[in-house]
Amino acid sequence: MGLASKANVGVKAQLRSRFPRAFKNCDSLADARDAASAAREQAIAVIDGNVLIMAVPQRARTYDDYVAVLMSSLKQAIATALVTVVVFDEPDSLTKAKIQEQMKRDHSRASASVACSQDLVRVPTTDAYSKRDIEAADDVQALVRHRPTRQRFIDEVAMDVLKKLTAQIDRWSLSGHTGGHLLFDGIDPRGADRPFSEKRDPQVVGSSDEAVAAFRRETKIGEGDLKLAWHGRGARAGALQDGLLANLKLNMAVTIDTDSFAIELIEEARRAADANVSPCNTVLCMRERAQKRGREDDREAHYLCCDVALLHDQVQRHMWGISASPSPLEQRAAMTLMVGGWVLCGCDYVDAVKPLRADVVFEAVPEVVRRPATLARMQAAWAGDRAALQQLERPLQELMTTCCSRLSDMPKVRKTNLLALRSVDSSVLKRASWVAAYWNSVEHSGNLEDCGFFIPYSQ
């Protein structure tokens, strides 16, 4: 998931190697909070629920075991932050571009799966099942792996966990401690009791009415990655007002999806134009797996933590140089151009344009941002004008041409590939332009064929 991650030359690897001061390894979220000099009452943790669900080990096959694993994970988060928000995708509100990507992924998985008799599988295969079916399932993980059955199961698990953890929070409060607040964003509160004939109604549900009111919204957001940014925005706004979030200093965005580097850096660039500066800073906390290969660089599982404000400042300095003083609009346009280059290196929405690499994009962008007309066109990414999206294609192609010149001096680069990079297909540029707008929180919806997206598989 996320941006292409090639060893040493991928986006994540390049950010870490070029701007090491913005990164720190922490053993836990509590360590990350302490490193940011924030107390529990000053922190909020916004967790990617899809990652949380998929991280449940395969050995948790029964429903009770599954719930116990989630309870343990979330207890640690609640003990770390005053407010814990777990965000989930909302399939009915997903953009068609994301649906296409999911269909492509599902098609790939189906072609590689091993066929077996349905008599051997005691789990439902559609959304029409009950709590009794969940309890009778040999392996509840199968309900999560199968997209048609996933949402009802997640709704049931989330509401069960919420009920049990709310009771725990109440016990903490009665004992004289600050109980905290737990929220799920994108859950139907009816769980598995939802009638088979009725559509899901995902909402923000939580352990307290005060917390739900602070984060309720009217606009639907389909993708969890964008919810991470939305809740961070709400946390920073709340830190400027009286109420539940008044003392916030730290927003911890917890995920493994490298798209969040792009989204959060664009968010930080947008904040450069804010008149009211919030005291709340964002730290991106990315869970890293343990590495145990019998080598000197072995390590336990940990969080790679990124100070987004510091990283943003260093990336801007890289693009503009030390002496330049770009305006907030120029900073946002430049960051969007950089992200557009990363998108063309490969992401969920755009196949990689070979032989493009993130390290080359990093070196090429500073040359391109010095062209005022180029940055003026990039502002179409957040203008909200669908027709104006085509203005982004020229800056992106300029960036590709500059990357091509740099790649031509590198060994083992085929000249035929360079020709393709010098003249990228229009449909690819349209897709990258759409993503640049989408990650600027401007979603152009409906039929996306004019944005280069086509549904390749029957629904």
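How many of the eleven residues of α14 are buried?

1. Burial of α14. The model is a predicted one. In it, α14 is mostly covered, with nine of its eleven residues buried. These are Ala 358, Asp 359, Val 360, Val 361, Phe 362, Ala 364, Val 365, Pro 366 and Val 368. The cover over them includes α1, α12 (308–320), α13 (328–344), α15 (372–378) and α16 (393–407).

2. Packing of α1 on α14. Helix α1 spans residues 11–18 and helix α14 spans residues 358–368. Their axes lie 8 Å apart, at an angle of about 55 degrees. The two helices are therefore oblique to each other. On the α1 side, the contact is made by Val 11, Gln 14, Leu 15 and Arg 18; on the α14 side, by Ala 358, Asp 359, Phe 362 and Glu 363. Sorted by class, the contact has four nonpolar residues, three charged and one polar. Ala 358, Asp 359 and Phe 362 of α14 take part in this contact and are also listed among the buried residues of that helix.

3. Ser 260. This residue belongs to helix α11, residues 259–271. Ser 260 has a relative accessibility of 2% and so counts as buried, the cut-off being under 20%. Leaving aside residues up to four places away in sequence, Ser 260 touches Leu 228, Thr 255, Leu 265 and Leu 284.

4. Confidence. The average pLDDT of the chain is 91, and 93% of the residues score at least 70. Over residues 116–120, pLDDT stays under 50. For that stretch, the model has two contacts beyond four places in sequence.

Note on methods. Residues numbered from 1 in each chain as written. Predicted model: local features only at pLDDT ≥ 70, side-chain atom pairs only at ≥ 80, totals over all residues. Heavy atoms only, no water. Axes fitted to C-alpha atoms, helices over the stretch in contact; angles between N-to-C directions. Helix = DSSP H or I, 4+ residues; strand = E, 2+ residues; numbered from the N terminus. Parallel < 35°, antiparallel > 145°, perpendicular 65-115°, else oblique. Contact = heavy atoms within 4.5 Å. Nonpolar A, V, L, I, M, F, W, Y, C, P; charged D, E, K, R; others polar. Buried < 20%, exposed > 50% of the residue type's maximum accessible area, 1.4 Å probe, protein only. pLDDT = per-residue confidence, 0-100.
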